[in-house]
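Subject: Structure handover and notes

Dear colleague,

I am passing on the structure that we talked about, together with some notes for your first reading. Please keep it open beside this email as you go through them.

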Amino acid sequence: MESVLEVKGLSAWFGGHQVLTDIRMDVGRNSVTSVMGPSGCGKSTFIRCLNRMHDLTPGFRSTGEILLDGVNIQSERIDPVNLRRRVGMVFQQPNPFPRMSVFENVAVGLKLNGKKLTRASIAETVEKSLHMAALWNEVKDHLDRPGLSLSGGQQQRLCIARALAVEPEILLMDEPCSALDPVSTAKIEELIEDLSERYTIVVVTHNMQQAARISDSVAFFLLGELIEMDKSGKIFTNPSDKRTEEYITGRFG
Amino acid sequence: METVSFRRKALDRCMKALFCVCAVLVILPLFVIFFDLVIKGAKELKPSLLIDLPHPVGEPGGGIANGIVGTIVITLLTMLWSVPTAVLCGIYLAEYGRGKFASAVRFAADTMTGVPSIIMGIFGYILLVVPMKRFSAWAGAAALSMIFIPVVVRTTEDMLRTVPHHVHEAALALGIERWKTILYIVVRTASSGILTGILLAMARILGETAPLLFTALGNQFWQTRLDQPIAAIPLQVFTYAISPYEDWHDKAWAGALVLIAMVLLISLTARFFGREKK
């Protein structure tokens, strides 16, 4: 499979505390990659490196290369604003913008991205994005209601629609279901599968069953190191590393 | 057992009564002032008060129309430059201000809030009245800005700090530049709080007298030029009140009533915006 992201020797520190050590990983185009591991293993820190969300964190430092289509996004010359338009992100807690309607929540990225767009083309993109996020049918009659008036699961799909509206190539999801009920979780998981036909998706999860259900490849992180990465089927049936086996059999974590 | 329980209950009631009495003591002055003003000001509270210029002593009628217009002009003039300056400074403190400079700005703003307002008047006099060689609306507005800005800077900062961090992150993750994130998303999220702060500061400067004494000076006539002495309600009330004439005293009461009605109206508006959420 063609790699869209290549991580080469990524290490990261918060102040003097090292949180990632020499991570090496390839992410295939239009696939779902899960990053799993116990709390505090650096999985969130890792995916937040992929869209440079740490840039504003005081004391954060990282070394190594992250190649997006062959270009090192760690470089000073890369504008994080442009990078984030190509690499979207969905967070653990659904976080629609307060004081904005459902429509505005999806449209705001387009409007503030500085491209001159007509009202009609914005409306079209909003509808398309809500369709892709499997939310359109539920909200089409009240697009002017506050985004925060939706249920938790709907809010998370709204956040996915918001991310899709700026037409990224890669979608990062940081434990997107951990604050949701099982029904909403099932919807999001189904959505992830559908979206993977057009997008490259990297999902952080500490839920092994979820990783098994949704992913093509799984990366297992432990204490800031990538222990093992392989096809989903292989990792859950025949892991090569003893620690992976211990984790998936519930020996720790 | 029973006596102890009785004593404890009694003490509990006493303490509760004490808290209530103090709460009443706090709101009492507002009611006393307001009703006293209504009673004493009612006599002169007639249309002529709102539409006439001050008349000479003894001549019936006369009002504070120029003062009302002057107060509105000075207040708007003050806000014209103070609102953007104060809000942008508040944004700086909340979003960028981490170092020593920011602490200095914060400390200065807090200190300014406590400086007696007459000092702002004297400062406006030295800074603008003396070089311009005339009292003016400009100088009045400059003196009031020094009261308005520090208050709004700190409320804006406080309101922006209540915006959760995840709102910033969500916007940045969409590839929105930092300044746009702050201006169009974070400020918007905090907008009702910021507006409330602006309105309350506005109510505060509306009634300030001391800063205007040496700057706007006051005027018995209409004034259309901003570089000339201009009337203001508090100044007019002051002029009427210190006079030895009975009918001027009545006008002072009525003027004060108009002033407090304006302040009350703005406070109520502020409450309305402050309550509206999401």
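The notes below take up a surface patch, a pair of helices and some salt bridges.

This is a predicted model, in which local features need pLDDT of at least 70 and side-chain atom pairs count only at pLDDT 80 or more, while totals for chains, interfaces and linings use all residues. Residues are numbered from 1 along each chain as its sequence is written, chains are lettered from A and ligands numbered from 1 in the order in which they are written, and side-chain values use heavy atoms, with hydrogens and water left out.

On chain B, a nonpolar surface patch of about 810 Å² is formed by B:Val26, B:Ile27, B:Leu30, B:Phe31, B:Phe35, B:Ile39, B:Leu264 and B:Leu268. Such a patch takes residues with over 30% relative accessible area and no salt bridge, joining nonpolar side chains (Val, Leu, Ile, Met, Phe, Trp, Tyr) within 5 Å and like charges within 9 Å; the areas come from the Shrake-Rupley method with a 1.4 Å probe, and for residues only the protein chains shown count as cover. Two or more residues each come from helix 1 (2-41) and helix 12 (246-275) of chain B, and helix 1 gives the most, with 6 residues. Helices (H or I, at least four residues) and strands (E, at least two) are DSSP runs numbered from the N terminus. B:Ile27, which sits in helix 1 of chain B, counts as partly exposed because its relative accessibility is 47%, where buried means under 20%, exposed over 50% and partly exposed in between (1.4 Å probe, protein chains only).

Turning to charged pairs, the structure holds 27 salt bridges over all chains, each being a side-chain nitrogen of Lys or Arg within 4 Å of a carboxyl oxygen of Asp or Glu. One of them joins A:Arg29 to A:Glu2, with the closest N and O atoms 3.0 Å apart. This pair links distant parts of the chain, 27 residues apart, since A:Arg29 lies in the loop between strand 2 (17-28) and strand 3 (32-36) of chain A, and A:Glu2 in the segment before strand 1 (3-14). A:Arg29 is partly exposed, at 28% relative accessible area.

A:Arg24 and A:Asp22 also meet in a salt bridge (3.2 Å, N to O); A:Arg24 is exposed at 52%, and A:Asp22 is partly exposed at 40%.Finally, helix 6 (residues 152-165) and helix 7 (residues 182-195) of chain A pass each other in a right-handed crossing (the near helix is turned clockwise from the far one by less than a right angle).

Best wishes

Definitions and conventions: Axes are lines fitted to C-alpha atoms, for helices over the stretch in contact, and angles run from 0 to 180 degrees between N-to-C directions.
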